[in-house]
Amino acid sequence: MSLRILVGVKRVVDFAVKVRVKPDKTGVVTDGVQHSMNPFDEIALEEAVKMKEKKLASEVVAFTLGGPKSQETLRNAMAKGADKAIHVEIPEGDVAKVEPLHVAQAIQKVVEKEKFDVVFVGKQAIDDDASQTGPLLAGLLDWPQALYASKVEDGGSGTLKVTREIDGGLDTIKVKLPAVLSADLRLNEPRYATLPNIMKAKKKPLDKIAAKDLGIDLTPQTKILEVAEPPVRKAGGFVADVPELVQKLKEKGFVKG
Amino acid sequence: MLSTLCKSSIRPSIYRTRWEGLSSAAASAAKATQNNAQETSKKPQETKSFAMNLFRGKAVLDQVFPYPLNLDSDRKETLQMIIGPTEKFLQEVNNTDKNDERAEIPREVLNKFAELGAFGALVPPEYEGAGLNNSQMAKLAEIVGAYDLGLGVVMGAHQSIGYKGILLYGSEEQKKKYLPDLASGRKFAAFCLTEPSSGSDANSIRSTAVKSADGSHYVLNGGKIFISNGGFADVFTVFAQTPIKQADGSTKNKVSAFIVERGFGGVTNGPPEKKMGIKGSNTATLNFDNVKIPASNLIGQEGEGFKVAMNILNNGRFGIPAAMTGAMKFCIQKTIEHVTQRTQFGKKLEEFGDVQEKVAMMLARHYATESLVYMLAGNMDSGVMDYQIEAAAAKVFASECAWTVCDDAIQLYGGMGFMRESQLERVLRDLRIFRIFEGANDVMRLFVSLTGMQHAGKHLAQVAKEIKSGGIATLLSELTKRVGGGNLGGSSSELVDPSLKDAAAKLDACMMEFGKTVEKLLIKHKKGIIDRQYELARVANAFINIYAMAVTLSRCTYSHKHKLSSAEHETKIANYFVEIASRDAMSALKVAQNGHDAEQALIGSVAKEVLDNGGLVQKHPIDV
Ligand SMILES: Cc1cc2nc3c(=O)[nH]c(=O)nc-3n(C[C@H](O)[C@H](O)[C@H](O)COP(=O)(O)OP(=O)(O)OC[C@H]3O[C@@H](n4cnc5c(N)ncnc54)[C@H](O)[C@@H]3O)c2cc1C
């Protein structure tokens, strides 16, 4: 097979950052905060690059819908093995208003223009945890989907064999191509971007398309009323032994009898 | 002036050899960096170096203000991309404690690090390097220094000195042949200067490389000790004496630099040395037994090896302050975790004034060192050449700050700090070597003072000559300088953020006092200053403090200009640092000016009596 794979990558607040809510409660602080590629997208990208290394794929293209700063995420994707990148650009100030449907619509337009056999996305982004881009896109394109992939293999005759982690076991399915895939945590261990590859990535093509030229409607469908810190956990106490623990639980009414 | 001095006939010859190294190091570094057309003219050279000018009593601040750090968005992005993987590697692949315990960093780990591109940071991409500049490289060294100083030494011995000679002075053929393998970490390099009888006095090496009769190759013989990466490196930059024909037909031995491959034959190494710290870094002796080196493997010109060695060290010197900054950050982080948790006498440790003072001093030392690192690297990136005094000062300052910061962290940890588990004891052991290698700090202090005074002395001599020959203008300006109490010709007060004005005034006062002190000492001791180590060490200490203050104020001003959210906090750290450092500098200058003859006489005779005796002289109070 020589598939062309489009990988969706999103610039998110780094997983190690302690997120703080803005004083006006409209969102979280992003200024001067470390950002990186959404970890599940990294996994999707890694799988696509592996598929290319296994000669299952011929080309890996990274895609993002985001502000000017998300170019860095695309360069990073190219440093990790994507051959080129497509940047659907919106003003940095609009980034927080982007919803999964907008991303799915943008990818749909790109896929309609250029032929891709697989669109690979992360199962969710760690900022909004929506998990919607993959399934929405499959719906829009009317393609089969294989979500939460933990293993991807050649299924023969234009199909992929995808293993999914589900409650209580593994679910193995065959999807006909073209298809939408989403990556789960245990699919692989993403590689590092290395300095030599970062340098090489600077020479790889990065196409910029203004969102408005794609003809998609970015009007938000949801309105954020308030973003708040989770309530502070009260300090716990130590108990000497199990009987005391049971006693305490009874006192608090967590255990009956 | 000072370099010719040591050769003057009144000095015993033992002095000659002892001093030639240091003073000619000063001279050759000075020459190499003041590479302008004036070299042949008799007039002393003009330079924009802050240090050089300060020794002449002038405040030339062009290379200090504005803060020279200047990374474009592309370079920042590259750095941003590599920081994550580097930290991940250091946390997940490299195991610092294990490296320390086993006294080895496994080759697979080094290979992984090589894949990241960490061994070819400064090498241009056409030779398979990453093409980073010094500021980017400094940040990388800082991160490595925070996690594993042993790995930092492997990295530094490889690229900051090991193959730096090829990068700086190599021919196109040499670069093409060696750099790709070295930058990619397929091969490792080592820098071979030190010998059993030649450490600080590097010019006195005894290894020899004699050219074959047909001129096709050199034959190298000699032994090197304490060579980092010596046990596994494949490519060596080796310094050896080559006999060189003089104009009068006689031959004289001069140091030359060579690229030696292990595969040339006759290269053997000893077992890994057992060390106090940086145990993961391999240190070994090397023996060269009739090693045939192709003539084309000479680096630079015959006889220029000493200059090559000094400039390699000079060029890579900012790497140590960078690693020290990282190590201090680690110690500070550990300290914060501890003093905010530990309760004694019913209070958290952080509530005690003495603890707060230790923490504040740690922060000041770290801030000043970090400021020095990116000052040096930024200046180097913008093409500044005459930074040898500044780099030496930063090396001394950084390695001593890191030592004290780690020591204080251990103190605040109490008994826990003494335990392996705290990791601080390892850092302390690792840090000790940084005050010794790449120029022992005591010797670096002399280098700072002597290089600066040599420059100042030349100008002083020139002034005297001009006045003698009727230079009225010179005479007048000297008179006004003396009557008016000196004229710095520049002031940091005009350049700093308004919040730092008082601190800048303190700095200006120190700079004024510094120029006066140097002039007084030169007039008093003339050429004899070279043997006044008591004064020289204190002048160096004052300079180091002054430079650190100037750099700190410049960096803090930069933070205000760029509206960093921490600017106000930084002002406090900078003001605190200047408070302490200006006091130290003034007191060092006072002592240097005074000379304290009685004290110096005591030092000399007490030391001599015991050294001659071969043991303590005093009787024990329990005289049994
Ligand atoms: C772990 C380790 C790694 C090393 N790696 C390398 C390497 O990769 N390549 C390499 O070439 N070398 C290397 N070295 C050698 C190192 O650079 C030397 O040890 C250092 O330069 C000091 O030389 P020395 O040990 O001979 O001390 P000496 O020169 O004997 O000096 C000892 C002390 O005497 C005093 N002293 C010396 N001269 C003077 C003076 N003029 N005035 C006043 N006091 C003075 C100072 O206190 C000094 O610290 C390494 C050393 C170690 C320990």
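Tutor: In this predicted model, a cavity is a set of grid points where a 1.4 Å probe fits but cannot get out.

Student: How many cavities of 30 Å³ or more does a search of the whole structure find?

Tutor: The search finds four, and the second largest cavity has a volume of about 50 Å³.

Student: What makes B:Tyr147 and B:Arg426 lining residues of the second largest cavity?

Tutor: A lining residue has an atom within 4 Å of a cavity point; B:Tyr147 and B:Arg426 line the second largest cavity, as do B:Gly145, B:Ala146, B:Asp148, B:Leu149, B:Ala327, B:Phe330, Val427 of chain B and B:Asp430, and therefore each of these residues has such an atom. Two or more residues of this lining come from each of α7 (134–147), α12 (319–339) and α16 (424–432) of chain B.

Student: Which domains of chain B each give at least three residues to that lining?

Tutor: They are domain 1 (73–187) and domain 3 (308–443) of chain B.

Student: What is the division for the largest cavity?

Tutor: Its lining has six nonpolar, two polar and two charged residues, and B:Asp386 and B:Glu390 are among the lining residues, so these two are the charged ones, since Asp and Glu count as charged.

Conventions: Residues numbered from 1 in each chain as written. Chains lettered and ligands numbered in written order. Predicted model: local features only at pLDDT ≥ 70, side-chain atom pairs only at ≥ 80, totals over all residues. Heavy atoms only, no water. 1 Å grid on protein atoms, 1.4 Å probe; cavity = no way out; pocket = protein on both sides within 12 Å on 5 of 7 lines; lining within 4 Å. Points joined across faces, edges and corners; volume = space filled by probe spheres on them. Helix = DSSP H or I, 4+ residues; strand = E, 2+ residues; numbered from the N terminus. Domains from an automatic or database assignment.
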